[in-house]
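Thanks for making time. I will go through a few side chains and then the pockets, with the model on the screen.

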Amino acid sequence: MYRSFLAGSATLALTATSALADERANVLSNYADIALAGYSDSLVTALALQDAVTALVATPSVETLDAARNAWIAARVPYQQTEVFRFGNPIVDDWEGKVNAWPLDEGLMDYVDASYGGPTDENEFAALNVIANPTFSIAGMDVDATDITPELIGDVLNEADGIETNVARGYHAIEFLLWGQDLNGTDAGAGDRPYTDFVEGDGCTGGNCDRRVDYLTAATDLLITDLEFIIDQWDENGAARTDLLADPDAGIVAMITGMGSLSYGEQAGQRMRLGLMLNDPEEEHDCFSDNTHNSHYYDGKGVQNVYLGQYERIDGTVIEGPGLTALVAAVDPALDDEVRGKLDTTMVALTAIVAAAENGMAYDQMLDRRNAEGEALIMAGVDGLIDQTRSFERIVGALSLHDVAFEGSDSLDDPNAVFQ
């Protein structure tokens, strides 16, 4: 009887272990499907942006410039929801800087206001102005930039001389080209580049309009190529999907690492608390367009998507399946309720930031040290993101996960270091 009982227990244990592994595999498969859908939507909206850019350069006007700007803002909606796939998936981390690197020294690309200054000890190319200069040297090598191509931008200019703020490609490079600098500080107003900056020949403002057109076109084309690459990685036989599914336990670690790192160190810390501490609109994520409120909202939404296992596509259809919530609820229903509630609280806070921005208080205005209401709005978001991360830490224990580390931020972990 004793031996029979042990054998039966072993069988039950194996069955339970197998069921747990199957459930984790199902969760990861749905996670990968959400990633694929989010990046695919990012490509669709980037193609719409490309069409709008084509219309702008063909017929520059107030209307075509506004349409290109609106297309850029729409393109941010699905992309920001994919940022939760960072930090835990190496393929995404190696690629992400090509499309969403920030902050950037915009003087590398185009003309800037005199207040911007010139080269610095940290970056001698901070005011290179490639659009105005078809030849220059980088790291002792002569560069012929007569033709502004995706290859020139991606292989030569981006992170020139190994300097991270030499961002020449991706969403924020395109944002700068469409809006220009936001010179309003913490006062109202975004960048206000005139459409005549894209008028070739008579009527050109800002100089070198033909090269500015070439840069904008090439940067947009490069964004399309970069998004096509990451879609391939999450496709049925893509490397990111294959790596994720190869080890269900490691895959769940990747999920929770992305959720915690984006919530805590990246969004609560680098993107929100730091700017508020410094009262500096240069720390605003979408600083040229004043679209930061939306980017923060959709970052938060991406975390919630992954936990719940659902994503609403831009065409209104919904990708839905088992999320991390299913695993947590199976071992600790109270913790699952806690996490769901905290995610909701964070989204309420981020929604309040969006509502304030849409009603006339742009995010950079919230950063003004005299704006107590703005500070309260941002800090509610920060507090919500921090609080939900504490519950993510509890998930790590509840699911017996190992080797989990969330990204930190001096603004949260060592505030004094920010001012040193």
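Phe 176 and Phe 288 are both buried. This is a predicted model, so please take everything I say as computed from it.

A search of the whole structure gives nine aromatic pairs. Take Trp 72 and Trp 179 to begin with. The angle between their ring planes is 75°, which is over 60, so the pair counts as edge-to-face; the ring centres are 5.4 Å apart. Trp 72 belongs to helix α2, residues 62-80, and Trp 179 to helix α5, residues 171-179, so this pair links parts of the chain 107 residues apart. On accessibility, Trp 72 has a relative accessible area of 0% and is buried. Trp 179 comes out at 6%, which also puts it in the buried class because the limit is under 20%.

Back to the two phenylalanines. Phe 176 and Phe 288 form a tilted aromatic pair, with 50° between the planes and 5.3 Å from centre to centre.

Next, Thr 292. Thr 292 is in helix α9, which covers residues 292-308. Is Thr 292 buried or exposed? Its relative accessible area is 0%, so Thr 292 is buried. Its side chain makes a polar contact with the side chain of Glu 284, at 3.0 Å. Leaving aside residues up to four places away in sequence, Thr 292 touches Glu 284, His 285, Asp 286, Cys 287 and Tyr 363.

The largest pocket has a volume of about 380 Å³. It is lined by 19 residues, and those closest to its centre are Leu 104, Glu 106, Tyr 116, Glu 282 and Cys 287. By class, the lining has seven nonpolar, five polar and seven charged residues. Cys 287, then, is in the lining of this pocket and is also touched by Thr 292.

The second largest pocket holds about 270 Å³ of space. Which residues lie nearest its centre? They are Glu 96, Ala 101, Trp 102, Pro 103 and Glu 164, out of 13 lining residues. Helices α3 (90-100) and α8 (248-278) each supply at least two residues of that lining, and α3 gives the most, with three. The lining divides into three nonpolar, four polar and six charged residues.

That is what I have for today.

Note on methods:
Residues are numbered from 1 along each chain as its sequence is written. This is a predicted model: local features need pLDDT of at least 70, side-chain atom pairs count only at pLDDT 80 or more; totals for chains, interfaces and linings use all residues. Side-chain values use heavy atoms; hydrogens and water are left out. Helices (H or I, at least four residues) and strands (E, at least two) are DSSP runs, numbered from the N terminus. Buried means under 20% relative accessible area, exposed over 50%, partly exposed in between (1.4 Å probe, protein chains only). A polar contact is a pair of N or O atoms within 3.5 Å; within protein, one must be able to donate a hydrogen and the other to accept it, and residues adjacent in sequence count only if both atoms are side-chain atoms. Contact means heavy atoms within 4.5 Å. On a 1 Å grid over the protein atoms alone, a cavity is a set of points where a 1.4 Å probe fits but cannot get out, and a pocket is an open set with protein on both sides within 12 Å along at least five of seven lines; lining residues have an atom within 4 Å of a point. Grid points are joined across faces, edges and corners, and a volume is the space filled by probe spheres set on the points. Ala, Val, Leu, Ile, Met, Phe, Trp, Tyr, Cys and Pro count as nonpolar, Asp, Glu, Lys and Arg as charged, and the others, Gly among them, as polar. Rings of Phe, Tyr and Trp (its six-membered ring) pair if their centres lie within 6.5 Å; planes under 30 degrees apart count as stacked, over 60 as edge-to-face and the rest as tilted.
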